[in-house]
Amino acid sequence: MGRAVLSQILTLSSSSSHFAPSLSCIGPRFLKAPTTNLLRSRCPLISSGGCVRCYSSTASASETSPTSAKKRVVSGVQPTGSIHLGNYLGAIKNWIGLQNTYDTLYFIVDLHAITLPYDTQQLSRTTRETAAIYLACGIDTSKASVFVQSHVRAHVELMWLLSSTTPIGWLYRMIQFKEKSRKEGDENVGVALLTYPVLMAADILLYQSDFVPVGEDQKQHLELTRELAERVNYLYGGRKWKKLGGRGGNIFKVPEPLIPPTGARVMSLTDGLSKMSKSAPSDQSRINLLDPKDLIANKIKRCKTDAFTGLEFDNPERPECNNLLSIYQLITDKTKEEVMQECQNMNWGAFKTLLTDALIDHLHPIQVRYEEIMSDSGYLDKILVEGAEKASDIADTTLQNVYQAMGFLRRQS
């Protein structure tokens, strides 16, 4: 589920790696901005003519929002397959804490769900189910907006505008495109699989996001988003935008990654080196949030372990042990030290019983709340309408700024 989580939540850290555009993909007309000795000394790629990032790095973020406003976080999950423990611990559970600190928008990324063959009869249903799971897990709509991606048309419009400035070489370098196109074969892969990172960038940049929760496998896509923001700011922002009647300055904020110390990658129950995934052929590999308690117990009982004595974190020779201990730690909100004190001398049988009970106790209230929400379709519809309206107010402002900065004729009312 690489892109299933537009984020998977999370030490603030500014990405240190450059998704560096080459001269061939930027073009000489984009490299005429003056560069100071300070910028050259800070970024070796500028001196070689290859880095757009530093041209806009001195712009103030306050140009797009008052300093007193809450920082904004956006994230979302695809409505494909069943939401599982990896989605929950790696993303949704972390959203609960973020909504208390940030201005948060959480959406169901249904447009991303059609990049590979899908069941048209199921898409609408699974979209509603995913929204209900958000709420059942504890998303508070008095603090966060919950909406469906396709209900805010600005996502698709901004994607097209960004596509015009995205070098094709950047997209061909995306690891997930290479992997999935190889797996599916060229005849079964649509253009959307190549271009969905541009839609992901639009999802983020529309809302002038300060931070984006990302898992390890999403860092490359966020770096593309950052590079696109800086590229558009350089090509169309500043004085060029002001001459067209705009306010000038940056068009987009350049978002930073938000990465959790634990939980970013919950691994498969059948292979501790593979991520827990919706697309894995075996349902035994994952705990789905709506699995009944008997099924949870059966999956934990049968999950892969090892022949070592005792239990321990962070031993590279014991990936399954580390994964199961990490799941227990996250489900119980205990520290590593507390988990080790409790579990290090246990055998697998005793620990599996402990883990099973903890999972059932944690997931049961979510399952009860989910059923309540799904039984009241009017309540869920109201939440999604209100969320889309709030999101559209923000997104439409950004979109109009982009149209203006790119020179489009403004529609007269």
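Which residues does Ile 92 touch, not counting residues up to four places away in sequence?

Modeller: The model is predicted, so local features need pLDDT of at least 70 and side-chain atom pairs count only at pLDDT 80 or more, while totals for chains, interfaces and linings use all residues. Residues are numbered from 1 along each chain as its sequence is written, and side-chain values use heavy atoms, with hydrogens and water left out.

Leaving out residues up to four places away in sequence, Ile 92 touches Val 77, Ile 83, Asn 87, Ile 133, Tyr 134 and Cys 137. Contact here means heavy atoms within 4.5 Å.

Ile 92 also belongs to the largest nonpolar core, which has 58 residues. Such a core is a set of buried Ala, Val, Leu, Ile, Met, Phe, Trp, Tyr and Cys residues joined through side-chain atoms within 4.5 Å. Buried means under 20% relative accessible area, exposed means over 50%, and partly exposed lies in between (1.4 Å probe, protein chains only). The residues with the most contacts inside this core are Leu 85, Ile 92, Tyr 134, Leu 325, Ile 327 and Phe 351. H16 gives the most to it, with nine residues. Another core, of 47 residues, lies apart from it and includes Val 152, Leu 199, Ala 201 and Ala 405.

The next subject is the helix packing. Helices (H or I, at least four residues) and strands (E, at least two) are DSSP runs, numbered from the N terminus. Axes are lines fitted to C-alpha atoms, for helices over the stretch in contact, and angles run from 0 to 180 degrees between N-to-C directions.

The axes of H6 (residues 120-137) and H16 (residues 348-374) come within 8 Å and cross at roughly 130 degrees. The two helices are therefore oblique to each other; angles under 35 degrees count as roughly parallel, over 145 as roughly antiparallel, 65 to 115 as roughly perpendicular and the rest as oblique. H6 passes H16 in a right-handed crossing; a crossing is right-handed if the near helix is turned clockwise from the far one by less than a right angle, and left-handed if anticlockwise. H6 makes this contact through Arg 128, Glu 129, Ala 132, Ile 133, Leu 135, Ala 136 and Cys 137, and H16 through Ile 366, Arg 369, Tyr 370, Ile 373 and Met 374. By class, these residues are nine nonpolar, no polar and three charged. In this scheme Ala, Val, Leu, Ile, Met, Phe, Trp, Tyr, Cys and Pro are nonpolar, Asp, Glu, Lys and Arg are charged, and the others, Gly among them, are polar. Ile 133 and Cys 137 link this contact to the surroundings of Ile 92.

H16 also packs against H14 (residues 319-332): the axes come within 10 Å and cross at roughly 35 degrees, in a left-handed crossing. On the H14 side the contact is made by Cys 321, Leu 324, Leu 325, Ile 327, Tyr 328, Ile 331 and Thr 332, and on the H16 side by Trp 348, Phe 351, Leu 354, Leu 355, Ala 358, Leu 359 and His 362. This contact divides into 12 nonpolar, two polar and no charged residues. Leu 325, Ile 327 and Phe 351 of this contact were named above for their contacts inside the core.

H14 packs with H15 (336-343) at an angle of about 115 degrees, their axes 10 Å apart, and passes H15 in a right-handed crossing. Leu 325, Tyr 328 and Gln 329 of H14 meet Lys 336, Val 339, Met 340, Glu 342 and Cys 343 of H15. Five residues of this contact are nonpolar, one is polar and two are charged.

Asp 333 occupies the loop between H14 and H15. Its phi is near 60 degrees, a positive value in a residue other than glycine, and Asp 333 is exposed, with a relative accessible area of 59%. Asp 314, in the loop between H13 (293-302) and H14, has a positive phi near 65 degrees; Asp 314 is exposed at 52%.

Finally, Lys 143 sits in the loop between H6 and strand S3 (144-148). With 38% relative accessibility, Lys 143 counts as partly exposed. Neighbours within four places in sequence aside, Lys 143 is in contact with Gln 99, Asn 100 and Thr 104. The C-alpha atoms of Lys 143 and Thr 104 are separated by 7.3 Å, although the residues are 39 apart along the chain.
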